[in-house]
Each structure stands twice: as C-alpha cells, then as structure tokens.
Amino acid sequence: MIQSIELTTGRGAAPASSGCACCGPATAAAPAPAAATAGGAVSSTYAVTGMTCGHCVGAVRDELTGLADVHDVQVDLVPGGTSTVTVTAGRVLDRAVVAAAVGEAGYRLLPPA
C-alpha cells in the first residue's frame with residue numbers, strides 16, 4: 001500500500017489545528033521587567049504562548065541568540081500554555097527588537113502586564 005503525504009515548509013504552513021506556532025499560526029508572547037545579574041548582564045523574562053514542542057523552543061532561541069549582546073536564552077516550555085523565555089544580555093534590549101526576533105520565529109510578544 002502506498003500512501004501519499006503532502007509536505008510543506010516554512011512557518012505558518014501547517015493547519016491551525018496543529019496548535020504549534022512554529023508549524024501553524026502563532027498565538028502570542030510577552031515580556032517582564034529586566035533584572036541585573038552578576039557581571040553586569042541583564043536578564044529579561046517574556047511570557048510566550050503557542051509553543052508546543054522543542055522545535056518551537058529552538059526557533060525562538062535561535063532568533064533571540066542572534067541579537068547583539070545576547071549571552072543566553074532559556075525557555076521553560078509549557079506545551080499549549082504560557083511558556084517563560086528568559087533572555088540574558090549585556091544590556092537592556094529594546095522591546096521592539098525582541099518583538100521582531102520573536103516574530104521571525106512565528107510568535108508575538110504579549111503586552112507588558
């Protein structure tokens with residue numbers, strides 16, 4: 001028996017029922033206040049919804065680590081819920097820059113709480 005499988009590439013290519021923003025429509029993401037860490041680095045936390053898998057995490061992490069002065073990105077994945085993304089950088093990052101990077105991964109920043 002031969003089965004036909006349709007493959008698509010690119011973000012947003014999967015049907016909305018996939019529930020995965022890296023493979024389907026994104027739902028959202030949001031920041032929290034920045035906090036200074038040892039060595040002068042600044043950590044900022046963002047709430048991100050729509051991530052459901054490791055691929056989603058990797059897409060967000062790849063975009064954010066590509067920003068100037070970013071030292072580390074940690075993601076606490078809550079599949080289908082609100083995940084926490086913590087970005088540690090050498091300076092406070094402009095929210096619009098972070099929003100653009102997260103948008104490239106297929107997500108949006110939620111408005112500050």
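1. Disulfides. This predicted model holds 0 disulfides. A disulfide is a covalent bond between the sulfur atoms of two cysteines. For Cys 53, the closest cysteine sulfur is that of Cys 56, at 3.5 Å, which is too far for a bond; the cut-off applied is 2.5 Å. The two residues may also be described by their accessibility. Cys 53 is partly exposed, with 24% relative accessibility, whereas Cys 56 is buried, with a relative accessible area of 0%.

2. Helix α1. Cys 56 is one of the buried residues of α1, a group that also includes Val 57, Gly 58, Ala 59, Val 60 and Leu 64. These buried residues pack against β3, β4 and α2.

3. The nonpolar core. The largest nonpolar core comprises 22 residues. Met 51, Leu 64, Val 85, Val 87, Val 98 and Tyr 107 are those with the most contacts inside it. Two or more residues are contributed by each of β2 (42–49), α1 (54–65), β3 (70–76), β4 (82–89) and α2 (95–104). The greatest contribution is that of α1, with 5 residues.

4. Leu 64. Which residues does Leu 64 touch, leaving aside those up to four places away in sequence? They are Val 70, Val 73, Val 85, Val 87, Val 98, Ala 101 and Val 102. Leu 64 is itself a buried residue of α1, and it belongs to the group with the most contacts inside the largest nonpolar core.

5. Val 73. This residue lies in strand β3. Is Val 73 buried or exposed? Its relative accessibility is 4%, so Val 73 counts as buried. Apart from residues up to four places away in sequence, Val 73 touches Arg 61, Leu 64, Thr 65, Val 85, Thr 86 and Val 87. Thr 45 is 28 residues from Val 73 along the chain, and the C-alpha atoms of the two are separated by 9.7 Å.

6. Strands β3 and β4. These strands pair in the antiparallel sense, over 6 bridges. Within this pairing, Val 70 stands opposite Ala 89 in β4. The two strands form a hairpin with 5 residues between them. Gly 80, in the turn, has a positive phi of about 75 degrees.

Key
Residues are numbered from 1 along each chain as its sequence is written. This is a predicted model: local features need pLDDT of at least 70, side-chain atom pairs count only at pLDDT 80 or more; totals for chains, interfaces and linings use all residues. Side-chain values use heavy atoms; hydrogens and water are left out. A nonpolar core is a set of buried Ala, Val, Leu, Ile, Met, Phe, Trp, Tyr and Cys residues joined through side-chain atoms within 4.5 Å. Buried means under 20% relative accessible area, exposed over 50%, partly exposed in between (1.4 Å probe, protein chains only). Helices (H or I, at least four residues) and strands (E, at least two) are DSSP runs, numbered from the N terminus. Contact means heavy atoms within 4.5 Å. Two strands pair if DSSP finds at least two bridges between them.
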